[in-house]
Amino acid sequence: ENIENINNEDVALDEELGDVTASITLGDIININGNGATVTDNKVTINNGGTYVISGTSSNSQIIIDSASEENVYLVLNNVSLTCSNSAPIYVKSAKNAIIVLPDSTQNTITDGETYDFEDTSTDEPNAAIFSKDDLTIKGTGSWNVTANYNNGISSKDDLKITGGNISVTSADDGLMGKDSITIKGGNINVNASGDGLKATNTEDTTKGYVLIEGGTLNITSTNDGIQAETNVNITDGTINIVSGGGSINSSSKTDNMQNPWGQLGNSNSTSSSTTDTSSAKAIKAVSNIIIDGGTITIDSSDDSLHSNDNLTINGGTFEISSGDDGIHSDTNLEINGGDINITKSYEGIESTNITINDGTIHLIASDDGLNAAGGNDASSTSGRPGQNNFSSSTGSININGGYLYVDSSGDGIDANGSIEINDGTVLVNGPENSGNGALDYDSTCNINGGLFIAAGSSGMSQSPSTSSKQNFVNIFTSSQSANTLISIKNENGKDIITFAPSKAYQSVIVSSPNLQSNTNYIVYSGGTSTDQSLDGLYTNGNSSGGSEVGSFTTSTTSSTVGSGGNNNKPGNMGGNKRPRN
């Protein structure tokens, strides 16, 4: 007996299903036609390798796979509606590999009860609606609804792999769990989990405990982490949508940083920080590394959107991120080599001990720092929740070698508890309006050696780049200018060299550009209009006119200043008061 519409390329990517070993029809009486399976007290036990086609409806039955065979067990769900009130409806005790097949156009439903009766009281297994002690693969193009009222949805103690199917999982705890690994190659997967959405749990073997997503569509709504791996998360392709912890509106760290930018250090209006939920509710979290090469990823998370306890690398992909805490965070190294990243809401936009941007297009909005190297004593790093940030102090670095970075921050725009090095790319910073933060902030050195760098913000804490920079720069101090007021630098012939409209009120604008030639006179204007259309406030063509002259400068040295202001107690600063470090 051959399986019609089952043994096709979509279903059997690796192996042929072959002939049917047994057909199992659920009902008040369970019928088995074939070999390799028996039924006792509404429990179907499959005790040999082969292909088993299940159909029919049962309100209180269980399918157990307990095979010592070296052959795979294929479980073909052909319009199954199966409920088991006191255990896992499908329980793989033993199998070479268990492969669940969802034939095209089939509708399958699996439901468990709120309590389980365990044969062995010393273990809590099985503890998922679909539970496997061995490798479990799900494939096909049919539909499968899994409702896990007791605990987890689909769980494997080895590897869990999904290559296809329209799969919907609702779980009392975790949605998909693979102890050794979870691999998603295709399918349309919806997970609504009261715990973690996807979870790989092996902590004993560094080659396991990973999540790999290579394709398909994944929609995750989770009370806790969306995707959590004890080692690595690798994403090469696919469409991934995650809402964790109720979304960014349910921020994991509530601070009034806007009212008190100096934080808890010696100010009567000290920052109040609280944690609304002590559980981790990050969207994508890895204990070791996150590597993203591609895909379309949309995140709305109460906690960090991307979080690695070690290293995080983005080589490509499209990101829409709204975070109640950090947009992208790693404890050690964070590297961006490509991709289109849009962080519409965050506490800190991009944070790590060391940040390197080589390429890519990044737009970010942060209620605290835009880029932050090394963190510090803010609520983001000390809230005490699981997976909190771990940093050493004054060792951070920010290196920008290319790409496009647009920052809108209410705290510091670019902040390094260490050093900053900019060699190429475009960096546009719309920094703070309060005087307790600066568009640029660093402890050691900030060398700008190439690329376009513009940082506008308040003047109270304005800090200029280091004089060891290889490219000319100027720090312009003006009277307070309203948002979207042009600041333009013209040469003596009246030609626009730089024209920029900060998106917020400002008194300080730092500009470094290869167009600022040495030993040349320039005039700075504020206000007026331009004949060009701007992109992110930057006018790359056209001419500006009108406005008021702020002052002039001559690039006789790398460093120039127009007006006066800023903080002269930090390297490269131009007067003012030093604030406590965050």
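1. Let's start with one side chain: Tyr 150 is partly exposed, at a relative accessible area of 27%. Please keep in mind that this is a predicted model.

2. Tyr 150 has a partner. Together with Tyr 116, Tyr 150 makes an aromatic pair of the stacked kind, with 4.1 Å centre to centre and 20° between the planes. The two residues sit in separate loops: Tyr 116 is in the one between β10 (107-112) and β11 (128-132), while Tyr 150 is in the one between β13 (143-148) and β14 (152-156). The pair therefore ties together parts that lie 34 residues apart in sequence.

3. Is Tyr 116 buried or exposed? Tyr 116 has a relative accessibility of 8%, and because the cut-off for buried is under 20%, Tyr 116 counts as buried.

4. For the protein chain, the count of aromatic pairs comes to five.

5. Now for the fold as a whole. The protein chain contains 54 strands and one helix. Of its contacts with a separation of 6 or more, 53% are between residues 24 or more positions apart.

6. Finally, a word on burial and surface. The protein chain has 582 residues, and 57% of them are buried.

Note on methods:
Residues numbered from 1 in each chain as written. Predicted model: local features only at pLDDT ≥ 70, side-chain atom pairs only at ≥ 80, totals over all residues. Heavy atoms only, no water. Helix = DSSP H or I, 4+ residues; strand = E, 2+ residues; numbered from the N terminus. Buried < 20%, exposed > 50% of the residue type's maximum accessible area, 1.4 Å probe, protein only. Contact = heavy atoms within 4.5 Å. Phe/Tyr/Trp six-rings, centres within 6.5 Å; stacked < 30°, edge-to-face > 60°.
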